[in-house]
Amino acid sequence: MPNPRSAALAAAVLVMATLVPQGAGRAADGGDDVKSLREAAAKARDELESATKDMEGRKKDLAASQTKLKATLQDLADAEAQLNEIRQPLARLANSSYQQPGAAGSMAVFGGGNPEEALRATADVSMLARSQQALVDRADALQKRKQQLASTAQDLQSRSAIAQTRVQQDIDGLKQRSAQLTDQLNAMLKKLPASKRLELGCDKSLAADAKKFPNGLIPQKYLCPLPQKGRELRADAALAFYKLNAAYKAHFGRDMCLTDSYRSLAEQQSVYVRRPGFAAVPGTSNHGKGQAIDVCGGVQNQGSVQFNWLKANSTKYGWFHPAWAYSNPFEPWHWEYGTESQY
């Protein structure tokens, strides 16, 4: 029997688990949409689990029926073998009775000849008759059992075929329902703002493990994409940035402009070669921790409307402009997540 867990359920539940990770926090805005998506995903998961349990029950019933059918067919084969074993002696007795009908007659004792021999012959014939009757009775019982077993086997085969059909219907229905639920969830997901979709896919719990890796060598799985194409940050920093970016967009009507975010060790080396004296030594850049961004779109100019807004609001979302960036070197575009003590 096919296993739907590897084909339908596992694929569908995995998709839903990806859409609704446990570590993602609730959005500051659009929270009702996110909540609805989570509830829909949970309901879909429950429906699939319930359908799977029903299907598993049918599979167990089918397995039990097939086991009983196998045993019945074996019993039928045994009865057939036993019947075959007695057919030959039964045929010989029947042939003997046909060829010597007079010898078997119980009235021979009243006929001519030696009475002792007649009695002995009658006793022998009676014993043969009893043996013959026993064989006949056994053959009759085996024949009836064979018929009963054949009828039972036929009934079990019919039930097994019906059960198999139902299980297959359950599997097909489960696949179809899984596809429908996945389409519904994806449709709901597409209606969410881009920042909310990103938030749902960013697991904050990965941040702790990300901190264990050397500067610039954080594996891809511990980084979350930003709304700005090609930009990434460590999970906790990314989740905070989504909210900061949403607030910035609500105020200025556009996403924040970024020129840099997480910077791998190789990228740090490239920048260091291109900007000697202005870039950090590879392996020491704050960008290599996945907690720093370089901003454009007006923020790079100290005293601009964008810079002043970011300075006044960034700390609400866990971001700040480090003290060193005001003078040594002067980098109004550089912002970091966390606290000064982290750097």
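Predicted model: local features only at pLDDT ≥ 70, side-chain atom pairs only at ≥ 80, totals over all residues.

A: Residues are numbered from 1 along each chain as its sequence is written, and side-chain values use heavy atoms, with hydrogens and water left out.

Q: How many helices and strands does the protein have?

A: Helices (H or I, at least four residues) and strands (E, at least two) are DSSP runs, numbered from the N terminus. Here there are eight helices and six strands, and from the N terminus their order is α-α-α-α-α-β-β-α-β-α-β-α-β-β.

Q: In which order do the strands of the open sheet lie?

A: Two strands pair if DSSP finds at least two bridges between them. In this model four strands form an open, antiparallel sheet ordered β3-β4-β6-β5. Its edge strands, β3 (257–260) and β5 (319–320), each pair on one side only. Three bridges link β4 (residues 292–296) with β6 (residues 334–337), and two bridges join β5 to β6. Within β6, E336 is the bridge partner of A292 and also of F320, whereas W335 is the bridge partner of I293.

Q: Which way do the residues of β6 point?

A: In a regular strand the side chains alternate between the two faces of the sheet. In β6, H334 and E336 point one way and W335 and Y337 the other. All four are buried, that is, under 20% relative accessible area with a 1.4 Å probe, protein chains only.

Q: Which residues have the most contacts inside the largest nonpolar core?

A: In soluble globular proteins, nonpolar side chains tend to be buried together. A nonpolar core is a set of buried Ala, Val, Leu, Ile, Met, Phe, Trp, Tyr and Cys residues joined through side-chain atoms within 4.5 Å. The largest one has 27 residues, and L233, F241, I293, W319 and W335 have the most contacts inside it. Helix α6 (235–252) gives the most, with 11 residues.

Q: What is the nearest side chain of opposite charge to E232?

A: A salt bridge places a side-chain nitrogen of Lys or Arg within 4 Å of a carboxyl oxygen of Asp or Glu. E232, in strand β2 (residues 232–234), is buried and has no salt bridge; R231, the nearest side chain of opposite charge, is 8.9 Å away.

Key
Buried < 20%, exposed > 50% of the residue type's maximum accessible area, 1.4 Å probe, protein only. Lys, Arg positive; Asp, Glu negative; His and termini not counted.
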